Amino acid sequence: MKAAVVTSFTEPPHYQDFALPAQLGEHEIIVEVLAAGLHPRVRAQADGTHYTSTDQLPLVPGIDGVGRTAEGALVYFVLPDTSLGSMAQQTVIDTRRSIELAQDADPIQIAAAMNPAMSSWIALRRRISFTPGQNVLVLGATGSAGRLAVQVAKTLGAGHVTAVGRGVDALRLLEADVTVALESDKNAVTNQLGDAAKDVDVVIDYLWGEPTHDAMSAIIPRRTDDAQSLAWIQVGSVAGAEAAIPAAALRATRLQIVGSGQGSVSTRGIVAELSELAKAVSGNAFMIEARRVRLEDIERTWTEPATSQERIVVVPQPLPEQGRTRPALA
Ligand SMILES: NC(=O)c1ccc[n+]([C@@H]2O[C@H](COP(=O)([O-])OP(=O)(O)OC[C@H]3O[C@@H](n4cnc5c(N)ncnc54)[C@H](OP(=O)(O)O)[C@@H]3O)[C@@H](O)[C@H]2O)c1
């Protein structure tokens with residue numbers, strides 16, 4: 001069968017033949033892949049920089065996707081660390097890491113949205129005791145995951161949502177109650193963040209690095225009530241793998257820093273959230289722009305400048321025109 005195949009961590013995947021395994025494990029089945037999202041995590045898998053990466057090559061990238069079983073069921077699956085990912089005409093899934101979708105679910109929409117939406121959905125539902133009415137700040141709200149985090153927080157009942165990120169135009173499109181643009185003058189950002197976050201309960205952080213240090217330094221001294229808990233959830237690190245945490249931040253307020261991702265949430269915990277999240281995605285609860293590309297165009301697609309305004313979805317089989325997303329907000 002054909003697949004996107006990585007043969008070197010310094011080259012894009014090539015469209016070529018890749019063999020299915022000769023034997024399957026007890027819970028494994030082969031599915032025909034209908035759609036697989038090209039998430040930042042997939043790029044990190046393909047260039048060997050993700051924290052779960054081994055040096056094993058060749059590999060087929062892709063960590064999740066939508067497939068069709070031999071019996072005709074439509075499934076969303078999350079793959080284990082494997083050299084046969086989802087960017088292939090067929091892949092091997094573990095039935096314990098998949099859910100059945102409604103037959104009319106849109107594979108493109110599901111493949112585009114599940115991974116970025118999961119980042120905040122699982123963080124709020126599995127890593128802290130989030131209760132409706134609590135106020136949420138999304139740090140790094142302009143990427144696919146950040147934009148979805150604003151919507152997920154609202155869907156899960158957040159009282160007040162603050163979106164912080166770079167890109168004034170991108171921030172303007174969000175359904176946040178308050179937005180703070182990081183490109184402004186540093187004093188202005190500090191004041192705006194302090195005001196916006198004085199009674200925030202949860203920060204969902206996609207940036208880390210210097211912006212996290214700066215945000216913590218701006219927010220903590222301006223809290224209205226030092227006794228109010230502040231859960232800071234580390235989810236992404238697009239601005240840096242390390243952040244300097246001010247010691248006083250941990251002493252001056254009830255700050256709790258936790259991470260959310262593969263490992264800090266068990267596979268069972270992740271899978272337990274998938275059906276409800278897929279229903280929300282299929283019910284158009286969230287807006288995400290998806291762009292479908294053919295598997296055979298993978299090499300060209302990979303080397304195009306990436307944009308965070310749309311999620312690329314690789315389509316190994318011809319699909320009817322769907323790919324609907326919630327209409328863009330005014
Ligand atoms: N832990 C989990 O469960 C989980 C799940 C999904 C994703 N993630 C992680 O979440 C992060 C975001 O993923 P994504 O899918 O949203 O990626 P994405 O769509 O590529 O978006 C990345 C966003 O980060 C912005 N950005 C990059 N560097 C920045 C900086 N220095 N300061 C401020 N903003 C910056 C980009 O802005 P520009 O457009 O201006 O460049 C873009 O808006 C990644 O690290 C990903 O691995 C984690």
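**Around the ligand**

The shell around the ligand is made up of seven nonpolar, ten polar and two charged residues (nonpolar means Ala, Val, Leu, Ile, Met, Phe, Trp, Tyr, Cys and Pro; charged means Asp, Glu, Lys and Arg; the others, Gly among them, are polar). Keep in mind that this is a predicted model, where local features need pLDDT of at least 70 and side-chain atom pairs count only at pLDDT 80 or more, while totals for chains, interfaces and linings use all residues. Residues are numbered from 1 along each chain as its sequence is written, and side-chain values use heavy atoms, with hydrogens and water left out.

So who comes nearest? Of the 19 residues around the ligand, that would be A145, R166, S260, S308 and R311 (a residue is near if one of its heavy atoms lies within 4 Å of the molecule). Domain 1 (2–100 + 289–315) and domain 2 (115–259) each supply at least three residues of the shell; the bounds come from an automatic or database domain assignment.

Now for the polar contacts, meaning pairs of N or O atoms within 3.5 Å. R311 puts a polar side-chain atom 2.7 Å from a ligand oxygen. The side chain of T142 has an N or O atom 3.0 Å from an oxygen of the ligand, and a polar backbone atom of V235 is 3.0 Å from a ligand nitrogen. Taken alone, the ligand exposes 930 Å², and the protein buries 74% of that (Shrake-Rupley areas, 1.4 Å probe).

Elsewhere, look at the rings. The charged end of K2 sits over the ring of Y15, 5.7 Å from its centre, and R43 lies over the face of W302, 5.2 Å from the ring centre (the criterion is NZ of Lys or CZ of Arg within 6 Å of the centre and within 35 degrees of the ring normal).

Definitions and conventions:
A polar contact is a pair of N or O atoms within 3.5 Å; within protein, one must be able to donate a hydrogen and the other to accept it, and residues adjacent in sequence count only if both atoms are side-chain atoms.
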